[in-house]
There are 2 protein chains.
Amino acid sequence: MPMNSKPPLLQEVTELHAGICNGLADPTRILMLYALVDFPRNVKDLTETLELPQPTTSRHLKILRQQGLVIGERKGLYIYYRLADRRIIEALDLLRKILNDRLTYRASLVENYNTEQE
Amino acid sequence: MPMNSKPPLLQEVTELHAGICNGLADPTRILMLYALVDFPRNVKDLTETLELPQPTTSRHLKILRQQGLVIGERKGLYIYYRLADRRIIEALDLLRKILNDRLTYRASLVENYNTEQE
DNA sequence: TGACTATATACGAATATCCGAATATGCCTA
DNA sequence: TAGGCATATTCGGATATTCGTATATAGTCA
């Protein structure tokens with residue numbers, strides 16, 4: 001049953017939804033978010049921890065900021081970034097679990113194949 | 001992007017993790033995944049439900065397939081796609097909740113501003 | 001087999017994204 | 001105010017993504 005006129009509100013919210021996912025869709029940004037789990041970090045700290053050029057760090061942080069995933073707060077010379085919402089990590093963990101299960105399953109297939117061969 | 005002194009395994013897993021997120025990072029694909037919540041659907045069904053050109057549907061399904069988010073099973077002429085894991089929807093719901101909370105909060109700010117004005 | 005339906009892929013142009021290098025901005029302290 | 005450190009932005013070219021159109025592949029049935 002085709003939805004003749006799709007509600008424009010749903011369309012817009014889905015767009016934002018996708019934008020959030022896009023904020024998560026980069027390995028550097030995922031590492032950044034996990035680096036912020038325990039406490040806020042400033043840009044220099046993140047730059048050194050993740051071994052990135054400083055502009056790259058700032059650019060990724062900008063994307064995370066724009067998607068509302070992190071919040072930056074200036075304290076003097078430094079800007080400390082923290083997670084905007086703990087559930088971001090929950091969502092990332094969920095997806096990571098899916099991935100782990102898949103990798104485990106595939107590994108077990110290889111295992112079985114090997115034992116059947118010998 | 002150089003993360004030379006990082007464990008290569010973590011880096012690879014993070015890459016896959018980001019790939020999954022990237023699979024979710026498109027409004028059409030999000031609508032597709034939600035369309036598959038209750039039961040599998042074939043491509044024609046999805047094409048009509050989401051009002052997309054058929055090649056577009058197939059292309060998005062290919063991305064979802066590659067990221068392990070959906071599974072397709074041919075039954076005669078049709079290929080029925082289903083969610084590969086229910087937790088995908090859980091993760092999407094989590095992120096959607098974060099979004100809703102943010103929109104609600106912002107709406108309340110506007111509300112307060114308006115009442116303070118009068 | 002041929003005709004038909006469902007699904008997938010190829011191609012190309014427009015568009016977007018990425019990243020390094022350079023530079024700008026903001027804040028502090030002397 | 002100048003100088004220095006932290007952070008952000010800009011620019012440009014390489015690379016990647018997107019999407020429509022056209023076409024290919026796969027399966028069914030007469």
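Glu51(B) is partly exposed, with a relative accessible area of 36%, and this residue is a friendly place to begin a tour of a predicted model. Glu51(B) sits in the loop between α3 and α4 of chain B, and its phi is positive, near 55°, although the residue is not a glycine.

- In chain A, the loop between α3 and α4 holds Glu51(A).
- Glu51(A) has a positive phi too, about 55°, and is likewise not a glycine.
- With a relative accessibility of 31%, Glu51(A) counts as partly exposed.
- For background, most residues other than glycine have a negative phi.

**How the two chains are related**

- Chain A superposes on chain B by a rotation of 180° with 0.0 Å of shift along the axis, and the RMSD is 0.1 Å.
- The two copies are therefore related as by a two-fold rotation axis.
- Within chain A, Ala91(A) has the C-alpha nearest the axis, at 2.4 Å from it.
- Of the interface residues of chain A, 93% are also interface residues in chain B, so the copies meet through the same surface.

- Arg87(A) belongs to helix α5 of chain A, which covers residues 87–117.
- Its side chain makes a polar contact of 2.8 Å with the side chain of Asp85(A).
- Setting aside neighbours within four places in sequence, Arg87(A) is in contact with Leu94(B), Lys97(B), Ile98(B) and Asp101(B).

- As a general point, nonpolar side chains tend to be buried together in soluble globular proteins.
- Leu24(B) has contacts in both chains: beyond its neighbours within four places in sequence, it touches Ala18(A), Cys21(A) and Leu95(A), along with Ile30(B), Leu33(B), Leu69(B), Ile88(B) and Leu92(B).
- Helix α2 of chain B (residues 27–35) is largely enclosed by the rest of the structure, because seven of its nine residues are buried.
- The buried residues of α2(B) are Pro27(B), Thr28(B), Arg29(B), Ile30(B), Met32(B), Leu33(B) and Ala35(B).
- Where α2(B) starts, a side-chain oxygen of Asp26(B) comes within 2.8 Å of the backbone nitrogen of Thr28(B).

**The surface near DNA strand D**

- DNA strand D is surrounded by 20 residues, the closest being Lys44(A), Gln54(A), Ser58(A), Tyr81(A) and Arg59(B).
- Among the atoms of DNA strand D that come within 4 Å of the protein, sugar and phosphate account for 53%.
- From chain B, a polar side-chain atom of Thr56(B) lies 3.3 Å from a phosphate oxygen of DNA strand D.
- At least two residues each come from α3 (43–49), α4 (54–66) and β3 (78–83) of chain A and from α4 (54–66) of chain B.
- The most is given by α4(A), with six residues.
- By type, the residues of the surface near DNA strand D are nine nonpolar, five polar and six charged.

- Sugar and phosphate make up 57% of the atoms of DNA strand C that come within 4 Å of the protein.
- Gln54(B) reaches a base: an N or O atom in its side chain is 2.8 Å from a base nitrogen of DNA strand C.
- Ser58(B) has a polar side-chain atom 2.9 Å from a phosphate oxygen of DNA strand C.
- A backbone N or O atom of Leu77(B) lies 3.5 Å from a sugar or linking oxygen of DNA strand C.
- Two or more residues each are given by α4 of chain A and by α3 (43–49), α4 and β3 (78–83) of chain B.
- Here α4(B) gives the most, with six residues.
- The residues of the surface near DNA strand C divide into ten nonpolar, five polar and six charged.

Technical notes:
Residues numbered from 1 in each chain as written. Chains lettered and ligands numbered in written order. Predicted model: local features only at pLDDT ≥ 70, side-chain atom pairs only at ≥ 80, totals over all residues. Heavy atoms only, no water. Contact = heavy atoms within 4.5 Å. Least-squares fit on C-alpha atoms with pLDDT ≥ 70 in both. Near = heavy atom within 4 Å. Polar contact = N/O pair within 3.5 Å; in protein donor to acceptor, adjacent residues only side chain to side chain. Helix = DSSP H or I, 4+ residues; strand = E, 2+ residues; numbered from the N terminus. Nonpolar A, V, L, I, M, F, W, Y, C, P; charged D, E, K, R; others polar. Buried < 20%, exposed > 50% of the residue type's maximum accessible area, 1.4 Å probe, protein only.
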